[in-house]
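User: I would like to go through the labels used for a protein structure and see what each one rests on. Please take them one at a time.

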Amino acid sequence: MSEQTSTPVVRRVDARHRYEILVDEQRAGLTAYRDREDRRVFFHTEVDDAYAGQGLASVLVTQALDDVRAAGMRIVPVCPYVAKFLKKHEEYADITDPVTPEVLTWLDAQLGR
């Protein structure tokens, strides 16, 4: 019997400013963002240890970035995982903006840190 019985599902949870990936209806990971005008600033991605090594972070980020493109928005990759992902996936280069000190200051204010 396979450990993974269903295809992972990615959903955007606007109220919590994140995309979640579900495996068998259990949240396995998330990528968090804040929107700044037409830019979606990704700042944190995590996959629960129980689901590590299954490629879920890549599935999650791919679907999140596809959603950003479909919404006509741009990506700002503050999150190290998203930044690394974008280096390998140049198909998103046309909608990616650089991380600037201004964005980081804004993000800290948004997150209350």
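The turns below set values from a predicted model against the cut-offs behind the labels.

User: What makes Asp97 a buried residue?

Analyst: Its relative accessible area is 17%. Buried means under 20%, so Asp97 is called buried. Asp97 is found in the loop between helix H2 (80-88) and H3.

User: How do you know that the side chains of Asp97 and Arg74 are joined by a polar contact?

Analyst: The contact is 2.7 Å, and the cut-off for such a pair of N or O atoms is 3.5 Å. Arg74 is also one of the residues that Asp97 touches, along with Arg39, Ile75, Val76 and Pro77, when residues up to four places away in sequence are not counted.

User: Why is the pair Arg11 and Glu20 called a salt bridge?

Analyst: The N to O distance between their side chains is 2.7 Å. The rule asks for a side-chain nitrogen of Lys or Arg within 4 Å of a carboxyl oxygen of Asp or Glu, so the pair qualifies. By this rule the count comes to 11 salt bridges.

User: Are the two partners, Arg11 and Glu20, buried or exposed, or something in between?

Analyst: Arg11 has a relative accessible area of 41%. That falls between the 20% and 50% limits, so Arg11 is partly exposed. Glu20 is at 4% and counts as buried. Glu20 also meets Arg18 in a salt bridge of 2.8 Å, N to O, and there both residues are buried.

User: What makes the salt bridge between Arg12 and Asp67 a link between separate parts of the chain?

Analyst: The closest N and O atoms of Arg12 and Asp67 are 2.7 Å apart. Arg12 lies in strand S1 (residues 9-13) and Asp67 in helix H1 (residues 56-70), so the pair ties together parts that are 55 residues apart in sequence. Arg12, at 39%, is partly exposed, and so is Asp67, at 23%. The two belong to a network of salt bridges that also links Asp14, Asp35 and Arg40.

User: How do you know that the buried residues of H3 are on the same side of the helix?

Analyst: The buried residues of H3 (residues 101-111) are Val103, Trp106 and Leu107. They cover an arc of only 100° around the axis, which puts them on the same side of H3. An α-helix has 3.6 residues a turn, so residues three or four places apart point the same way. The face turned away from the buried side carries the exposed residues Pro101, Thr105 and Ala109.

User: Which strands do the buried residues of H3 pack against?

Analyst: They pack against strand S3 (26-36), strand S4 (39-47) and strand S5 (74-77). Just after H3, Gly112 takes a positive phi of about 65°.

User: Which residues have the most contacts inside the largest nonpolar core?

Analyst: They are Tyr19, Phe42, Leu65, Ile75 and Tyr92, in a core of 22 residues. Strand S2 (18-23), S3, H1 and H2 each supply at least two residues of this core. The largest share, six residues, comes from H1. Leaving aside neighbours within four places in sequence, Ile75 is in contact with residues including Phe42, Leu65, Val68, Leu86 and Tyr92.

User: Which residues does the second, separate core include?

Analyst: Phe43, Val76, Val103 and Leu107 are among its eight residues. Val103 and Leu107 are also buried residues of H3.

Conventions
Residues are numbered from 1 along each chain as its sequence is written. This is a predicted model: local features need pLDDT of at least 70, side-chain atom pairs count only at pLDDT 80 or more; totals for chains, interfaces and linings use all residues. Side-chain values use heavy atoms; hydrogens and water are left out. Buried means under 20% relative accessible area, exposed over 50%, partly exposed in between (1.4 Å probe, protein chains only). Helices (H or I, at least four residues) and strands (E, at least two) are DSSP runs, numbered from the N terminus. The arc is that of the directions from the helix axis to the C-beta atoms. Contact means heavy atoms within 4.5 Å. A polar contact is a pair of N or O atoms within 3.5 Å; within protein, one must be able to donate a hydrogen and the other to accept it, and residues adjacent in sequence count only if both atoms are side-chain atoms. A nonpolar core is a set of buried Ala, Val, Leu, Ile, Met, Phe, Trp, Tyr and Cys residues joined through side-chain atoms within 4.5 Å.
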